[in-house]
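Subject: Structure for you to look at

Hello,

Here is the structure I promised to hand over. Please open it first, then read my notes below.

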Amino acid sequence: MREFTGIDISKKTFDIYFEQNGQGTHVCFNQNKQDYKRFINLIGKERICIMEATGNYHVKLSRFLYENKLKVLVENPLKIKRFLQMRLQRNKTDKADSKMIYEYGKMVFIEKEIVGWKPDSNEIAELKQYDTVRQQFTKQLTALTNTQEAMGQLSDLQEQVDGALKLMIKHLKDALNQLDMQMQQIVETHHKDSYKLLTSIPGVGPKTATMMICLTDGFRKFDAKRVKPFISYIGMSPRTYESGTSVKGAGHITKVGNGRLRTLLYLCSWTAKRVNPQCAELHKRLFEKGKPEKVIKVAIAHKLVRQMFGVIKSGSSFSTVRA
């Protein structure tokens with residue numbers, strides 16, 4: 001029978017909860033290697049450790065446990081949150097959360113096949129660092145651009161204010177270009193063949209190819225048999241909203257996952273419907289059925305994902321592959 005340990009991670013500490021002989025145990029440890037060892041000595045190496053993906057706080061502990069041959073599950077925080085809501089948990093403490101994470105693991109994974117967490121390869125870890133900073137800079141650039149546009153409506157805008165905004169916007173654009181170049185260089189160095197295959201698909205550009213390699217760990221975490229799990233992972237699975245005979249809401253995608261890749265795929269669909277024969281055919285067929293443009297774009301994005309997995313599986317460029 002599977003035994004679990006629930007772990008609630010914070011910046012400096014982590015709380016654990018497990019049960020033995022019907023008795024629950026809660027302990028709080030510090031985030032350091034000495035306490036990591038104490039933790040393993042306490043629970044043993046047979047228990048399955050389950051925690052949330054909390055920014056970067058979970059990475060050190062997860063890697064340490066993995067290197068010491070323990071099975072680790074790192075779950076989407078939204079799944080844990082929904083479970084807590086389902087159980088009507090009222091208390092919000094680290095102790096209570098670690099117990100609830102334990103309960104989540106016991107209920108969800110007691111018989112389900114478990115795919116343990118594995119650390120990213122070094123180059124993928126580097127890519128994710130660049131991408132994290134890139135996302136923050138992009139948000140700042142959007143905010144500054146909006147501010148510049150709003151301030152531009154003033155008839156007496158001060159020259160120094162306008163100059164400061166322009167300077168900051170220029171610095172951010174230059175930084176983003178540098179980050180993009182570095183990310184592309186890493187991909188071309190370590191995943192040259194995959195990058196070449198992905199960009200052979202009409203409509204798939206360098207940024208999309210780079211993000212696909214980054215999120216799939218060079219297609220090691222998601223292979224050709226796991227296209228649907230990947231689509232779910234990036235939040236592009238369809239969600240139906242119906243109840244009985246009277247409630248029939250508009251369908252949506254889940255949007256639980258990597259928002260940047262969804263945006264890139266959606267933008268790619270605009271080009272793909274013109275230059276990608278299979279996507280153009282799909283666009284025409286759905287358009288003739290009267291489907292909304294947004295629905296068609298999502299369908300094309302799905303098609304592009306399948307094409308990308310297709311060329312990786314075959315090892316052949318797009319011209320010889322049909323997805």
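First, a term. A crossing is left-handed if the near helix is turned anticlockwise from the far one by less than a right angle, and right-handed if clockwise. Helices (H or I, at least four residues) are DSSP runs, numbered from the N terminus.

Some ground rules. This is a predicted model, where local features need pLDDT of at least 70, side-chain atom pairs count only at pLDDT 80 or more, and totals for chains, interfaces and linings use all residues. Residues are numbered from 1 along each chain as its sequence is written, and side-chain values use heavy atoms, with hydrogens and water left out.

Helix 7 and helix 8

Helix 7 passes helix 8 (residues 206-215) in a right-handed crossing. Their axes (lines fitted to C-alpha atoms over the stretch in contact) lie 9 Å apart, at an angle of about 130 degrees. Angles run from 0 to 180 degrees between N-to-C directions. Helix 7 is therefore oblique to helix 8. Oblique is what remains after roughly parallel (under 35 degrees), roughly antiparallel (over 145) and roughly perpendicular (65 to 115).

Ser194, Tyr195, Leu198 and Thr199 of helix 7 make the contact (heavy atoms within 4.5 Å). From helix 8 come Pro206, Ala209, Thr210, Met212 and Ile213. Six of the residues are nonpolar, three are polar and none is charged. Nonpolar means Ala, Val, Leu, Ile, Met, Phe, Trp, Tyr, Cys and Pro; charged means Asp, Glu, Lys and Arg; the others, Gly among them, are polar.

Tyrosine 195

Look at tyrosine 195 in helix 7. Is it buried or exposed? Tyrosine 195 is buried because its relative accessibility is 8%. The cut-offs are under 20% relative accessible area for buried, over 50% for exposed, and partly exposed in between (1.4 Å probe, protein chains only). Its side chain has a polar contact of 3.0 Å with the side chain of glutamine 184. A polar contact is a pair of N or O atoms within 3.5 Å; within protein, one must be able to donate a hydrogen and the other to accept it, and residues adjacent in sequence count only if both atoms are side-chain atoms.

Histidine 191

Histidine 191 sits in the loop between helix 6 (159-190) and helix 7 (192-199). At 8% relative accessibility, histidine 191 is buried too. A 3.3 Å polar contact links its side chain to that of glutamate 123.

Best wishes

How values were computed. Helices (H or I, at least four residues) and strands (E, at least two) are DSSP runs, numbered from the N terminus.
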